[in-house]
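Biologist: Could you take me through how the features of a model like this one are to be read, giving the general idea and then the case at hand?

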Amino acid sequence: MIRYDAAAKIFTLSTPHTSYQMKTDADGRLLHTWYGRRLPDSCPDMAEPRAPHTDPGCWPDLLPLEYPAPGTADNRCCAVCPEYADGTEAADLRYASHKILPGKYSLPALPAFRQDANAESLCITLRDAAGLQVELWYAVYPDCDLITRAAVLTNTSSAPLILRRAASACLDFSPRPLELITTDGVWAGERTPHRAPLRPGEQTISSVRGIPGHAHNPAAILCTPDANETQGEAWGALLVYSGNFALTAESCEAGTRLLLGIHPYHFAWTLAPGQSFAAPEAAFVYSRQGLGEMSRRFHTAIRRHLLRRPWADPQTPRPVLINSWEACYFTFDEQRLLQLARAAKQADIDLFVLDDGWFQGRNDDSTSLGDWVADPAKLPGGLPGLCKKINDIGLDFGLWVEPEAISPDSDLYRTHPDWALQIPHRETVSIRRQYTLDFSRPEVVDGIWAQLQAVLDSCPIRYLKWDMNRSLANVYSAALPTARQGEVYHRYVLGVYELQRRLTEAYPDLLLENCAGGGARFDCGMLYFSPQIWCSDNTDARARMSIQYGTGLFYPGCTMGAHFSTVPNHCTGHISAPQARMAMALFGTFGFELDLTAYSRKELDDLTPFIAWYRAHGALLRGGDLYRLVNPDAANLGAAWMTVSPDKVEAAVFAVGTALAGSGGHCPRLVLQGLDESAVYTVTDGETTETCSGFVLQTLGLPLPGDYGEVPSKIWYLKQV
């Protein structure tokens with residue numbers, strides 16, 4: 001619901017549990033006044049009275065501006081920075097008009113949360129006298145307490161201007177103690193949560209890699225110091241973008257300012273008179289019930305309003321797949337692949353995915369990227385021949401590609417060397433023995449699209465894994481003049497989006513999974529096209545406790561590519577019990593990444609009950625509400641969580657490692673959450689079944705076996721009697 005009080009000049013955006021409020025002051029500046037618990041329907045003015053300095057010129061430095069710009073005596077981080085033809089970098093944005101519209105706004109060429117009949121949009125137009133117009137767009141999704149924001153900037157002057165910064169959103173908080181939570185890491189250790197009190201000054205997570213990268217995720221939480229899973233205030237922010245980003249929390253006398261959007265590094269977008277630039281979308285949720293409720297609201301919003309159909313529907317089955325990478329790496333032929341497929345069929349797996357190494361001359365990572373034609377030495381019948389034989393075994397067929405990359409040793413590079421990103425008169429930087437294609441150029445996107453179409457039309461490919469194994473370097477496009485090289489990073493991202501748009505529209509039933517050297521591009525921009533993203537190259541159950549916990553702060557489990565793999569783990573050398581590896585894989589999309597041809601008949605048969613359990617309860621796992629019961633300890637030796645159906649009729653509970661021993665081994669019970677206290681549930685672990693009330697399960701808890709060993713695990717299924 002969006003309301004405007006014309007007399008008080010107040011905008012109030014409300015969901016069932018939250019409200020977001022702004023007002024224009026006497027001078028026409030748009031001020032942020034409230035984001036928190038839902039306000040009464042009378043929509044009181046929540047602007048905090050602050051005594052101004054005796055010098056009026058100091059007052060703007062304390063104002064909670066909704067979209068701040070430089071040159072107005074607000075000396076904090078700014079959302080937009082225009083450079084006009086006369087060289088000035090300043091803007092004094094004042095209210096011009098607004099409109100309230102049914103439905104959800106859209107952004108040209110950018111992914112965003114999707115249209116919804118119950119959504120409502122607000123557009124507030126601000127103008128600077130020198131010729132910059134800013135349309136601030138807001139949308140309210142009442143079913144998940146989500147508020148989205150975006151900005152469209154237009155040059156209304158008679159001369160070109162350059163945008164030096166164009167952030168997506170700014171959010172000001174009055175002075176109070178707050179803590180910042182971000183998810184950070186490295187390759188094979190992505191999205192580990194870090195939490196610390198805000199200190200004076202700017203604290204920033206960012207990426208200038210051309211992708212979000214392994215180091216930081218474009219998401220953050222501001223929370224009160226008392227916030228935990230079940231209590232305290234939490235404000236979550238996500239950026240729907242897959243390129244360079246900056247997320248800054250600045251703490252000073254005026255309070256805390258949260259700013260997120262495209263990183264200003266090497267960003268300079270020229271707007272001719274009348275041209276516009278759309279900044280990526282930002283999404284916000286607020287919770288009074290701690291981090292758990294904040295996560296559940298994001299999860300619901302992403303499942304219902306970001307993922308594409310049919311995969312957005314939890315009832316749509318996701319195939320249980322086996323990926324050939326850890327079983328074969330580059331060394332295989334058709335017979336080796338068919339042996340693996342037969343073993344997978346014996347384990348009742350649905351889909352066989354052929355990973356890297358299938359295209360011409362590709363025997364290691366030094367060659368052939370860009371030449372998307374099957375290698376006849378490995379696949380004499382090409383992809384159609386292999387696909388038919390896989391289908392005859394009873395499995396669907398999937399494929400790995402890396403469309404953004406090009407090898408120096410490839411026919412594509414020999415034909416189009418200028419298609420690679422490279423700076424004139426400098427040596428092109430090779431990372432992982434490959435270059436990056438210039439996706440800012442439409443002809444490059446068209447060329448790769450033609451190759452992908454030929455591959456996908458050659459045989460029934462049901463799944464495509466899109467990988468991206470390096471950061472951008474030598475960011476210079478031969479197709480743009482010198483003065484517009486600051487547009488290349490963003491135009492590259494738009495090119496990636498365009499190719500994925502074509503792919504998903506031409507093949508709507510194709511299951512697309514994005515990947516970037518593991519989890520280096522796990523963001524809402526990618527999720528708009530692909531309903532799942534490879535969470536990390538590290539499939540170790542212990543490591544995945546922290547990786548998937550941190551990822552789950554913002555993103556639902558149905559988006560996390562997670563596989564059961566061999567031990568000792570290929571990445572860490574850790575050994576974990578099969579049940580622990582199954583628990584971590586079942587929390588995500590569930591698949592296999594190992595050599596099943598080395599398994600005995602009995603070992604293959606032992607996998608089938610887990611696959612059957614996933615098929616029986618997949619809709620619950622994909623669409624349920626997540627409750628984190630025991631967060632991973634410092635050594636990643638234990639965690640517990642559960643997912644509950646929205647109607648509270650059924651639930652699945654997972655406990656791994658030390659979580660099975662209770663609190664320090666002295667109280668072997670696991671207190672559950674999210675159930676109907678008045679209901680009675682059957683509780684089964686696959687071997688025994690008991691009956692217990694929701695009240696007892698949420699007060700005394702579920703008895704634990706107190707198991708020990710090499711990261712043991714236990715899974716329970718609960719259903720109302």
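Modeller: Let us begin with Glu650, which lies in strand β34 (residues 650-657), where strands (E, at least two residues) and helices (H or I, at least four) are DSSP runs numbered from the N terminus. This is a predicted model, in which local features need pLDDT of at least 70 and side-chain atom pairs count only at pLDDT 80 or more, while totals for chains, interfaces and linings use all residues. Residues are numbered from 1 along each chain as its sequence is written, and side-chain values use heavy atoms, with hydrogens and water left out.

Biologist: How should I read the pairing of strands, and which strands does β14 pair with?

Modeller: Strands of a sheet pair through backbone hydrogen bonds, either parallel or antiparallel. Here two strands pair if DSSP finds at least two bridges between them. Strand β14 (residues 216-223) is joined by five bridges to β11 (residues 179-186), running antiparallel, and Glu179 has Cys223 of β14 as its bridge partner. Five bridges also join β14 to β15 (residues 234-240), again antiparallel, with Ile221 partnered by Gly236 of β15. Strand β14 is mostly covered, seven of its eight residues being buried.

Biologist: In what order do the nine strands of the open sheet run, and which are the edge strands?

Modeller: The order is β29-β28-β27-β26-β23-β22-β21-β31-β30, with parallel pairing, and the edge strands, each pairing on one side only, are β29 (560-561) and β30 (563-565). Within this sheet, four bridges join β26 (residues 461-466) to β27 (residues 511-514), and Trp466 has Asn514 of β27 as its bridge partner. Helix α3 packs on the sheet, touching β21 (321-323) and β22 (351-354), and its direction makes about 155° with that of β22. Helix α10 (residues 578-587) also packs on the sheet, touching β29, β30 and β31 (591-593), with its direction at about 160° to that of β30.

Biologist: What describes two packed helices?

Modeller: They are described by the angle between their axes and the distance between the axes. The axes are lines fitted to C-alpha atoms, for helices over the stretch in contact, and angles run from 0 to 180 degrees between N-to-C directions. Helices α3 (residues 334-346) and α4 (residues 382-393) pack at about 25°, with axes 10 Å apart. That angle makes α3 roughly parallel to α4, as angles under 35 degrees count as roughly parallel, over 145 as roughly antiparallel, 65 to 115 as roughly perpendicular and the rest as oblique.

Biologist: At what angle do α10 and α11 pack?

Modeller: Helices α10 and α11 (residues 601-623) pack at about 25°, with axes 11 Å apart, which makes α10 roughly parallel to α11. The contact is made by Gln579, Met582 and Leu586 of α10 and Leu607, Phe610, Trp613, Tyr614 and Leu621 of α11.

Conventions
Contact means heavy atoms within 4.5 Å. Buried means under 20% relative accessible area, exposed over 50%, partly exposed in between (1.4 Å probe, protein chains only).
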